[in-house]
Amino acid sequence: MITATNWDDHFAPIGRRRNLVESIRIRQVRAAYLRLLDGVRVPDDPRVLELGAGTGHASLELVAHLGGRATLVERNRVALALSRQIWQRRGLAGRVEHHEGDLLEFAGTGFDLVHSGGVVEHFHGPDQDRVVDAHARAVAAGGLLAILVPVDTWRYRSFRATLRALGKWIYTDEVPWTLEQAPRLFGPRGFDLLATTDVGHERGYLFRKR
């Protein structure tokens with residue numbers, strides 16, 4: 001039986017202090033998105049959607065770089081409170097909408113860029129199809145979809161083993177994807193793979209919706 005991750009255990013330390021791991025993660029994700037989007041046409045003032053947004057750092061960096069506005073879907077109230085503070089501090093609070101709720105139930109559509117990081121690997125069985133569908137239906141025709149997902153490689157297994165040995169592995173329902181899983185799931189839903197990039201133990205994928 002898979003036990004759900006307690007996300008308060010993940011977000012609460014970030015609220016108390018910005019730790020080194022979080023700072024490195026923010027820089028890695030920003031760099032990964034820039035690599036994925038390099039040379040790719042993105043509409044002016046894009047509508048950006050992040051599913052399972054957490055603190056919203058990734059969307060903040062995208063909006064700061066691309067312009068436009070972001071909608072962040074997140075159900076954890078600790079994360080939402082942190083996100084509002086972060087966007088306020090950067091002077092971008094007027095360019096974001098925080099939506100508290102389950103990403104599987106989010107009904108918004110027509111977004112130019114939909115993305116998530118560290119999300120899809122926490123859904124299993126029928127919910128895996130639901131989370132993939134939630135991403136797919138939100139993207140406008142011709143729009144972009146980016147996901148960052150841990151993949152089952154020696155790097156991931158070493159990362160997980162190290163945290164377990166230190167007693168710091170809290171992601172009890174995380175199951176890494178295979179390298180070809182994202183293209184296999186999103187391709188039949190009308191998406192063409194444009195680019196990939198490695199982000200530590202994760203892989204980033206960029207798709208365009210046909």
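The largest cavity holds about 60 Å³ of space. The structure examined here is a predicted model, and one cavity of 30 Å³ or more is counted in it. The lining of the largest cavity is made up of Val29, Arg30, Tyr33, Leu34, Leu37, Ala58, Glu61, Leu62 and His65. Helix H2 (20-37) and helix H3 (57-66) each contribute at least two residues to this lining, with the largest share, five residues, coming from H2. By residue class, the lining of the largest cavity comprises six nonpolar, one polar and two charged residues.

The nonpolar interior was considered next. In soluble globular proteins, nonpolar side chains tend to be buried together. The largest nonpolar core of the model consists of 28 residues, and those with the most contacts inside it are Leu49, Leu103, Val114, Leu145, Ile147, Trp177 and Phe186. At least two residues of this core are supplied by each of strand E1 (47-51), strand E4 (111-117), helix H5 (126-138), strand E5 (139-150), helix H7 (181-186) and strand E7 (202-209), and the largest share, five residues, comes from H5. When neighbours within four places in sequence are left aside, Val114 is in contact with Leu49, Leu51, His135, Ala138, Val139, Leu144, Leu145 and Ala146. Another core, of 24 residues, lies apart from the largest one and includes Leu62, Trp87, Leu113 and Leu148. Leu62 is also one of the residues that line the largest cavity.

Eight aromatic pairs are found in the structure. A pair of aromatic rings is described by the distance of the centres and the angle of the planes. Phe159 and Trp169 form an edge-to-face pair, with 6.1 Å from centre to centre and 80 degrees between the planes. This pair links distant parts of the chain, given that Phe159 belongs to helix H6 (residues 154-165) whereas Trp169 lies in the loop between H6 and H7, 10 residues apart. Phe159 counts as partly exposed because its relative accessibility is 31%, while Trp169, at 15% relative accessibility, counts as buried. Trp169 also pairs with Tyr171, again in an edge-to-face arrangement, at 5.3 Å centre to centre and with 80 degrees between the planes. Tyr171 has a relative accessibility of 18% and therefore counts as buried, the cut-off for this class being under 20%. Together with Tyr156, the residues Phe159, Trp169 and Tyr171 form one aromatic cluster.

Terms used: Residues numbered from 1 in each chain as written. Predicted model: local features only at pLDDT ≥ 70, side-chain atom pairs only at ≥ 80, totals over all residues. Heavy atoms only, no water. 1 Å grid on protein atoms, 1.4 Å probe; cavity = no way out; pocket = protein on both sides within 12 Å on 5 of 7 lines; lining within 4 Å. Points joined across faces, edges and corners; volume = space filled by probe spheres on them. Helix = DSSP H or I, 4+ residues; strand = E, 2+ residues; numbered from the N terminus. Nonpolar A, V, L, I, M, F, W, Y, C, P; charged D, E, K, R; others polar. Core = buried A, V, L, I, M, F, W, Y, C linked by side-chain atoms within 4.5 Å. Buried < 20%, exposed > 50% of the residue type's maximum accessible area, 1.4 Å probe, protein only. Contact = heavy atoms within 4.5 Å. Phe/Tyr/Trp six-rings, centres within 6.5 Å; stacked < 30°, edge-to-face > 60°.
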